[in-house]
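Biologist: I have a model open and want to learn to read it. Can we go through some features one at a time?

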Amino acid sequence: MKHWAWTFLIVLAISVQYEWLLKPIEVEAGERDAFIRSRGSHFLLNGNLYYANGFNAYWLMYVASDPSQRYKISAAFSEASSHGLSLARTWAFSDGGFRPLQYSPGSYNDQMFKGLDFVIAEARKYGIKLVLSLVNNYESFGGKKQYVNWASSRGQYLSSDDDFFRNPVVKGYYKNHVKTVLNRHNTVTGILYKNDPTIMAWELMNEPRCTSDPSGRTIQAWIMEMASYVKSIDRNHLLEAGLEGFYGQTTPQKKGLNPSLDIGTDFIANNLIPGIDFATVHSYPDQWLSSSNEQQQLSFLNNWLNTHIQDAQFMLRKPLLITEFGKSWKDPGFSAPQRDLLFNAVYSKIFSSAKRGGAAAGGLFWQLQTEGMDSFRDGYEVVLSQSPSTATIIAQQCHRLHLIRKIYARLGNIARWKRARSGRGKRIGR
C-alpha cells in the first residue's frame, strides 16, 4: 500500500505543474448529492478523502436579494468553478439595519431569504459546496452588538456586547435564528437547508471574541451550548466554531505564538468540544504584524500554519480548514507578487500536509469578487479576470488538490478490491 502511495505521489510531484493547464476540473457524479463527513483528521465525500480550494464571498446573499443583480452571483460561481474552486464561505446573517435578513428577533425579510435560496441553488449548479456563518462578532451586518441592543430595548440590563455570550434572552434570540435558518425551505430547490448536501458546514460565528473574559470560560461554555443545539436540529452537516486560531489557557506555552491579542478563545479547548467537527484558522499577518516587514510577516505565517496543522492532526485529531487569509492592496508598498507569495506560502503548507494524509484539507482566501463590484472592495478582493498571476496560482492549487483526491480514491479502490478478493478467498477455502 505504501509503495502504491509513494509511486503515485512521485508521479504527481513531477506532472502536477503541467496537468492543471490541460483540462477543467469536473464535478464527479454523485458529489452534488452527497454530504461531506469527517473521520479523524480527514473529510470524506462519498467515502473518499476530500480536499478543497475555496474562497470567501460574504456578499452573496445581500447581492442576490436584488433579482436584477443575481447575475453577479452566477458570474462569480462560474469564474470560480472554471478555475477549480469548489468551496465557498458566506454569511447566512444580516441583523437589523439596511436590507436585513432579520428585522428584529424572529421577524424575517423573505426577500433576503430568497437571495440566500438562490445562492445555495446556484452553488449546487456549479458544484460548489458552502460554509454558512450564522452571526458576526463585529457590527458589520448587525452582529452580536445588534442582538444585545435588541435585548436591551426589551428590558434586559446589559453592560457589554460580550453579554451576547452570557445573557439567556440573547442566547434565545440566537437559537431562534439558528432554528429558522436550518429549517428554511428553499424556494428555488424545494429542499430544507438542513437536508441540503450543497451545504458543507455551519459556522457558529464569524471570529468569536470575548475580550471581557480572557480566561476563555465564557466562549467555551457558549460554543458547547450552541454546538449541542445545532446538532439537536441537524445531524447531516458538519459544524465549526468560526475561530481565528488563537491559543488560550489549555496550552499556555503556545500563547506566545499569538499576535498581541487576548480575545478569550482557545484553539485547542474550543475545537475539542464534541459537537465541533473540524478546526479553523485565519491568518492576516499584514494586519496582525502591521509594523513588521514582509519577511517577518511570512515567517509568522509559516510558523502559525505549521503549528496549527500539527495540532489539528495530533492534539485535536480533526480536519483543519484555513478559512480566511489574504493580503490587502492597501498595505504600504503592496505589489501583486507580494500577494502571490503569500498565497503560495499558504497553499504549499496545505499541499504538503494533504499529500502526506495530514489534517490540512484546504484554504479559503478572502475574498472573491466579480467585475462591477467596486463598492464592496476592501483591499483584499481578488477579481480573477483582473488578477492573472494570482488566478493562475489559485487554479494550480485547485488542480493539485484534485489530483490528490483522485490518487487517494484510487488507492481506496485498490484497498477495497484487495479486501473483497481476500474475503472471497477465505470463503472458498472453507
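This is a predicted model: local features need pLDDT of at least 70, side-chain atom pairs count only at pLDDT 80 or more; totals for chains, interfaces and linings use all residues.

Biologist: In which sense do strand 1 and strand 2 pair, and over how many bridges?

Modeller: Strand 1 covers residues 36-39 and strand 2 covers residues 42-45. They pair in the antiparallel sense, over four bridges. Take Ile36: its bridge partner in strand 2 is Leu45.

Biologist: Now helices. What describes two packed helices?

Modeller: The angle between their axes and the distance between the axes. Here, helix 5 and helix 6 pack at about 120°, with axes 9 Å apart. An angle of 65 to 115 degrees would count as roughly perpendicular, and over 145 as roughly antiparallel. Helix 5 and helix 6 are therefore oblique to each other. Their crossing is right-handed.

Biologist: Which residues make the contact?

Modeller: Helix 5 supplies Tyr147, Val148, Trp150 and Ala151. Helix 6 supplies Val169, Val170, Tyr173, Tyr174 and His177. By class, that is eight nonpolar residues, one polar and no charged.

Biologist: Let's look at a loop residue. Where is Leu134, and is Leu134 buried or exposed?

Modeller: Leu134 lies in the loop between strand 8 and helix 5. Buried means under 20% relative accessible area. Leu134 has 0% relative accessibility, so it counts as buried.

Biologist: What is Leu134 in contact with, leaving aside neighbours within four places in sequence?

Modeller: Its contacts include Phe93, Trp202, Tyr174 and His177.

How values were computed:
Residues are numbered from 1 along each chain as its sequence is written. Side-chain values use heavy atoms; hydrogens and water are left out. Helices (H or I, at least four residues) and strands (E, at least two) are DSSP runs, numbered from the N terminus. Buried means under 20% relative accessible area, exposed over 50%, partly exposed in between (1.4 Å probe, protein chains only). Contact means heavy atoms within 4.5 Å. Axes are lines fitted to C-alpha atoms, for helices over the stretch in contact, and angles run from 0 to 180 degrees between N-to-C directions. Angles under 35 degrees count as roughly parallel, over 145 as roughly antiparallel, 65 to 115 as roughly perpendicular and the rest as oblique. A crossing is left-handed if the near helix is turned anticlockwise from the far one by less than a right angle, and right-handed if clockwise. Ala, Val, Leu, Ile, Met, Phe, Trp, Tyr, Cys and Pro count as nonpolar, Asp, Glu, Lys and Arg as charged, and the others, Gly among them, as polar. Two strands pair if DSSP finds at least two bridges between them.
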